[in-house]
Protein chains: 2
Amino acid sequence: MSQKLDRLKDILGEVSDINHAIAVLSWDQQVNMPPGGNEARGRQLGTLGKLAQEKFIADEVGSLLEDLKKEYAGADSASDDAAMVRVAARNYDIAKRVPPSFVNEQAIVTAKAFEAWVEARAKSDFSIFAPHLEKVLELVHKYISFFPPADHPYDILLDGYEPGMKTAEVRLIFDALRPRQVELIKAITQSKPVKDDFLHKKYNEKKLLDFGVDVITKFGYDWSRGRQDKAPHPFETTFSVNDVRITTRFEAENPMATLFSTMHESGHAMYEQGFNPAYERTSLESGTSLAVHESQSRMWENLVGRSLPFWEYFFPALKKTFPAQLDGVSLKTFYKGINKVEPSLIRVNADEATYNLHIMLRLELEIAMVEDGVKVKDLPELWNTRMKEYLGVVPPNDAKGVLQDIHWSHGMIGYFSTYALGNLVSAQLWDKINKEIRGLDDQIRTGDFGELLGWLRTNIHQHGQKYEPQTLVRNVTGSKITHEPYVRYLTKKYSEIYGL
Amino acid sequence: MSQKLDRLKDILGEVSDINHAIAVLSWDQQVNMPPGGNEARGRQLGTLGKLAQEKFIADEVGSLLEDLKKEYAGADSASDDAAMVRVAARNYDIAKRVPPSFVNEQAIVTAKAFEAWVEARAKSDFSIFAPHLEKVLELVHKYISFFPPADHPYDILLDGYEPGMKTAEVRLIFDALRPRQVELIKAITQSKPVKDDFLHKKYNEKKLLDFGVDVITKFGYDWSRGRQDKAPHPFETTFSVNDVRITTRFEAENPMATLFSTMHESGHAMYEQGFNPAYERTSLESGTSLAVHESQSRMWENLVGRSLPFWEYFFPALKKTFPAQLDGVSLKTFYKGINKVEPSLIRVNADEATYNLHIMLRLELEIAMVEDGVKVKDLPELWNTRMKEYLGVVPPNDAKGVLQDIHWSHGMIGYFSTYALGNLVSAQLWDKINKEIRGLDDQIRTGDFGELLGWLRTNIHQHGQKYEPQTLVRNVTGSKITHEPYVRYLTKKYSEIYGL
């Protein structure tokens, strides 16, 4: 019977090769491509996507999977082969349910929706985007109709980003988390604000980029199996376990973002550089879910990169690099500055204390949209009401409100909550890590991240997609995803910073 | 019946998309890829290559082509559709004759041969490469056996690079050319040598690269549809008519090569940027043959870039950029320096007067190998004997002799003569251009290349692969490929420079 598994692996291997080729073409499109190349690149990506899909949903794959599912039905849960079959069967089932004609239609609708969104945001005019969002929603309902009824229709969307996760679980977590964060933020905003003017001076781009490179080299990002380029948006992309690239950007008005986004992307990248090489070209390659991925990026960006021990090590070098900008700024002042909490309008610029509230707002609106409990035209008002309620700020226009994110225009409904779940997982893991690595803070204080990365490799990275996110988190921490460790982490950190 | 053509175009379009994806992955491999990525990239390229091949040699393509060949049998020779069918049928016939198992075997044998060649060249030990070259030759014979007997077995190889070209034609041309070049070189080497020490000083890499960029911008290379990167070897690659990229390199010991190779690659690139966009994703996209391609690169590199009018325009700027290096060097001295003739060992560094002789030597050895008229082990000696005869120099070792070129290790036998044919075509075209563009030298003297590029676009570039090389050259110049214009060009140029 292993002949069947071998045959399946051959086919999935080719599908993986095509998907990685797509990743290379997309990376090039964002990093290098001259403007003229866009139209042909779209066609090339379309053709490769179609080929990968055709190959994957072939009847042969279906019957191989049927046989292999039976064969591995009683297999040890530790069996890699059983996990490969399980994950491939899951993906096959999803792919088979969604007809190619729908995929085409979705590509066309979202291409137009994206264009409309760009214009709507530029003009801060939601009415330009609204009819397109309505079409996107129609497609979302159609997509849901391809699947057997779930506990909640939104489950079907969520499952695409966070395998196995249920809407009810996320709601339970968020409902417990929301009041704790709102309360914390209230306490912070009533305290004396911290100083951060020194972060908004003019910083030299090249020096800042180089500093970021030094930091993630220390982290353990493997440059012999990766590279960093500039792009309009920071992202991580995987061409193989041995070629995992990241991008960064520089914004003059927010220079430090370069540094933190480099750390963030390196977290994603080290996850991808760390999965078991035996999983390459199988259904187990790459990270297991968006939330677990985000737990890695957020850990390196925030729990490490915005910690005091980290800056005890790096601040002298930063000060040496930028003596004028940081003249008279103490380590403590700097540390407080980069951790300043300020309820604000834009999710991607939000600090650790407020970020999750941006997510909760989006999740609630998405669920309402899927339940038909809200009309598209009412979204701006609902958005603004909740912003006021959660964060105490109200967008002056829709560009800074409901129009700020790209996701809906791409048809990505079900995605947002993974950002917040990732934050929670990062703190759960951090608790566990600090129990298992003695003196981690001292290691960080001396720029030594080896044991930390080793722990993540062993406990998270190497497993690839072998375990669903909730299983993985429970295996490692003893609990499914929960809000408590994150709330404790935030409370402790900000109590010290703001003297609560 | 146009339904059949539409269907064929759909399939060929997808094949073209895959092949362009392969080009992107190969470019990335040479320009960006971290060392770790190599193994996976090889697999990805292998999978895409197999997919493109499978799609192209599908029986459906065969029967579509059968029907369409009949339909277009009496078509006007100006018909694009008829040409598409003809070229596609030709490529299909070749692809069908070569079994996938052979393609696999060839990939394996040449991968090993390439490795052996790298080692053999490094150690200057032909015996390391010889057994691999023997295997490559076995494959070459096998490849030939897939085809019906030709006038000469080498025709079958040549045809893969230069459609329609015959071994007998090339021999006739080269036999006429050889004595004329040997004679000219003899006269030159007996003259007073020109000075070129100023070319071998230390030149700043960045400034030289920037100068190259300025030059090819003036030529008309369209940066909105292309880009230049550094790579270990200069090359041009096409992802679509609107995304045509080039690479360059800097060698400290031969700094000016950067400039001339940039011009060279821009010539290839402008050809590819200039084919009729309606030919995209069809069998007519891209240039028609290696020789015609080389005629474009050589024209911009040599007939333009090593001409006196060109430097009348650019020398003041170059001198301003490199005042120390060019201190006291006059335009005339500079012009003579960059055109210095010196019989030497390495083809890629050869000057215009000696280059073709390097090619003739290789062609003769390749034909002898294919005819079984020479044993692999005897190649080094034959090489050295001919070097002495044609160029009056003898390699001190095989690294600088028979081992210098990569081509044979890749199984590319039949390729070399296109380099020399390209030189000849460039001069034929140049004659014609100078009859049709009044005052071309004066235009070049003022840095105006617009009319020249326009002429090439109209007469050569736009046609893509519509005409076979000999037909194209005859249509444009009134004669098939011939040596006379090139000999006249060389003789005139070097008589002036060397006062012959």
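Mentor: Contact here means heavy atoms within 4.5 Å, and the model we are reading with that cut-off is a predicted one.

Trainee: How many residues of chain B are in contact with chain A?

Mentor: By that cut-off, 37 residues of chain B are in contact with 37 residues of chain A. The area buried between the two chains is about 2,800 Å², and carbon and sulfur atoms give 55% of it.

Trainee: What makes the pair A:R41 and B:D243 a salt bridge?

Mentor: The side chains of A:R41 and B:D243 meet at 3.7 Å, N to O; the rule asks for a side-chain nitrogen of Lys or Arg within 4 Å of a carboxyl oxygen of Asp or Glu, so the pair qualifies. Across the interface of chain B and chain A the rule finds eight salt bridges, and it also finds 16 residue pairs in polar contact, both residues being at pLDDT 80 or more.

Trainee: Which elements of chain B give two or more residues to the side that touches chain A?

Mentor: They are helix 1 (2–31), helix 2 (38–56), strand 2 (236–240) and strand 3 (243–248) of chain B, and the largest share, 10 residues, comes from helix 1. Sorted by residue type, that side of chain B divides into 14 nonpolar, 10 polar and 13 charged residues.

Trainee: What makes strand 3 of chain B count as mostly covered?

Mentor: Six of its six residues are buried, and buried stands for a relative accessible area under 20%. On one side of strand 3 of chain B these are B:D243, B:R245 and B:T247, and on the other B:V244, B:I246 and B:T248, with both faces covered.

Trainee: In what sense do strand 2 and strand 3 of chain B pair, and over how many bridges?

Mentor: Strand 2 and strand 3 of chain B pair in the antiparallel sense over four bridges, and they form a hairpin with two residues between them. In this pairing, B:T237 has B:R245 as its bridge partner in strand 3 of chain B.

Trainee: Why is B:D378 called partly exposed?

Mentor: Its relative accessibility is 30%, and the class in question lies between the 20% and 50% limits, so B:D378 counts as partly exposed. B:D378 is found in the loop between helix 14 (355–370) and helix 15 (379–391) of chain B.

Trainee: What makes the phi of A:S124 worth a remark?

Mentor: Most residues other than glycine have a negative phi, whereas A:S124, which is not a glycine, has a positive phi of about 50 degrees. A:S124 sits in the loop between helix 5 (100–123) and helix 6 (126–145) of chain A, and with a relative accessible area of 26% it is partly exposed.

Note on methods
Residues are numbered from 1 along each chain as its sequence is written. Chains are lettered from A and ligands numbered from 1 in the order in which they are written. This is a predicted model: local features need pLDDT of at least 70, side-chain atom pairs count only at pLDDT 80 or more; totals for chains, interfaces and linings use all residues. Side-chain values use heavy atoms; hydrogens and water are left out. Buried area is the accessible area (1.4 Å probe) that two parts lose on being put together, summed over both. A polar contact is a pair of N or O atoms within 3.5 Å; within protein, one must be able to donate a hydrogen and the other to accept it, and residues adjacent in sequence count only if both atoms are side-chain atoms. Ala, Val, Leu, Ile, Met, Phe, Trp, Tyr, Cys and Pro count as nonpolar, Asp, Glu, Lys and Arg as charged, and the others, Gly among them, as polar. Buried means under 20% relative accessible area, exposed over 50%, partly exposed in between (1.4 Å probe, protein chains only). Two strands pair if DSSP finds at least two bridges between them.
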